[in-house]
Amino acid sequence: GAVANREMPDDALIFKEDWIRFELGARPNDLYLIRVAGDSMEPTLRAGDTILVDRRAIRPDREGIYILRMNDMLLVKRLQSLPGGIVKVASDNQAFAAFEVKLADIEDGELTIIGRVVWAGRRL
């Protein structure tokens with residue numbers, strides 16, 4: 001729902017390394033901490049939510065929420081692999097239309113997967 005043109009470090013969160021390794025199956029150096037902007041993934045993710053993204057997950061091997069780079073924009077979208085080498089790119093907010101891309105276009109770099117969202121947190 002919103003375009004991220006640049007990276008702006010604004011805060012830090014502390015996670016136990018053991019928790020990251022055992023609960024998320026990741027290493028701390030493999031994770032990005034990103035703040036969500038926009039409403040395209042509501043109600044699952046809201047503007048201002050903080051997400052951890054596993055940068056090792058750069059192929060849509062399983063359905064999930066991923067960070068994508070498309071035309072110099074960062075997007076948070078739900079990816080689903082379909083038969084025939086097609087990937088469905090969808091928002092959880094029904095006001096945003098889903099679209100499909102060929103897996104080959106992802107592999108060629110037209111659309112880049114930055115990583116898969118493995119954790120989300122928000123202020124109540």
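Tryptophan 119 is partly exposed in this predicted model, with a relative accessible area of 25%.

In one of them, phenylalanine 15 and tryptophan 19 are stacked, with 5.6 Å from centre to centre and 15° between the planes. The planes of this pair count as stacked because their angle is under 30 degrees. Phenylalanine 15 also forms an edge-to-face pair with tryptophan 119, where the centres are 5.1 Å apart and the planes stand at 80°. Here the angle is over 60 degrees, and the pair therefore counts as edge-to-face.

Phenylalanine 15 is partly exposed, at a relative accessible area of 25%. Tryptophan 19 is likewise partly exposed, at 30%.

## The overall fold

The protein contains two helices and seven strands. Along the sequence these elements follow the pattern α-β-β-β-β-β-β-α-β. The radius of gyration is 14 Å, close to the 14 Å that the globule rule gives for 124 residues, so the protein is as compact as a globular protein of that length. Along the principal axes, the C-alpha atoms fill a box of roughly 40 × 30 × 25 Å.

Of the 124 residues, 35% are buried. The accessible surface is about 8200 Å², and carbon and sulfur atoms account for 49% of this area. Among contacts between residues at least 6 apart in sequence, 53% join residues at least 24 apart. As for charge, the protein has 18 positive and 20 negative charges, and their mean positions are 3 Å apart.

Is arginine 116 buried or exposed? Arginine 116 counts as buried because its relative accessibility of 15% falls under the 20% cut-off. Leaving out residues up to four places away in sequence, arginine 116 touches Leu52, Val53, Asp54, Ala57, Arg62, Ile65 and Tyr66. Glycine 48 is 68 residues from arginine 116 in sequence, and their C-alpha atoms are 18 Å apart in space.

Asparagine 93 is placed in the loop between strand S5 (86-90) and strand S6 (99-102). Its relative accessibility is 17%, so asparagine 93 also counts as buried. Which residues are in contact with asparagine 93, apart from its neighbours within four places in sequence? They are Asp39, Ser40, Met41 and Glu42. Asparagine 93 and arginine 116 are 23 residues apart along the chain, and 19 Å separates their C-alpha atoms.

## Backbone features in the loops

The peptide bond from glutamate 42 to proline 43 is cis, with omega near 10°. Proline 43 is found in the loop between strand S1 (31-35) and strand S2 (50-54).

Another loop runs between strand S3 (64-70) and strand S4 (73-82), and asparagine 71 is located there. Aspartate 72 lies in the loop between S3 and S4 as well. Asparagine 71 has a positive phi, near 50°, although the residue is not glycine. Aspartate 72, another residue other than glycine, also has a positive phi, near 65°.

| Residue | Relative accessible area | Class |
|---|---|---|
| Phenylalanine 15 | 25% | partly exposed |
| Tryptophan 19 | 30% | partly exposed |
| Asparagine 93 | 17% | buried |
| Arginine 116 | 15% | buried |
| Tryptophan 119 | 25% | partly exposed |

Terms used:
Residues are numbered from 1 along each chain as its sequence is written. This is a predicted model: local features need pLDDT of at least 70, side-chain atom pairs count only at pLDDT 80 or more; totals for chains, interfaces and linings use all residues. Side-chain values use heavy atoms; hydrogens and water are left out. Helices (H or I, at least four residues) and strands (E, at least two) are DSSP runs, numbered from the N terminus. The radius of gyration is taken over C-alpha atoms; the globule rule is 2.2 Å times the number of residues to the power 0.38. Buried means under 20% relative accessible area, exposed over 50%, partly exposed in between (1.4 Å probe, protein chains only). Contact means heavy atoms within 4.5 Å. Accessible areas come from the Shrake-Rupley method with a 1.4 Å probe; for residues, only the protein chains shown count as cover. Lys and Arg count as positive and Asp and Glu as negative; His and the chain ends are not counted. The place of a charge is taken as NZ of Lys, CZ of Arg, CG of Asp or CD of Glu. Rings of Phe, Tyr and Trp (its six-membered ring) pair if their centres lie within 6.5 Å; planes under 30 degrees apart count as stacked, over 60 as edge-to-face and the rest as tilted.
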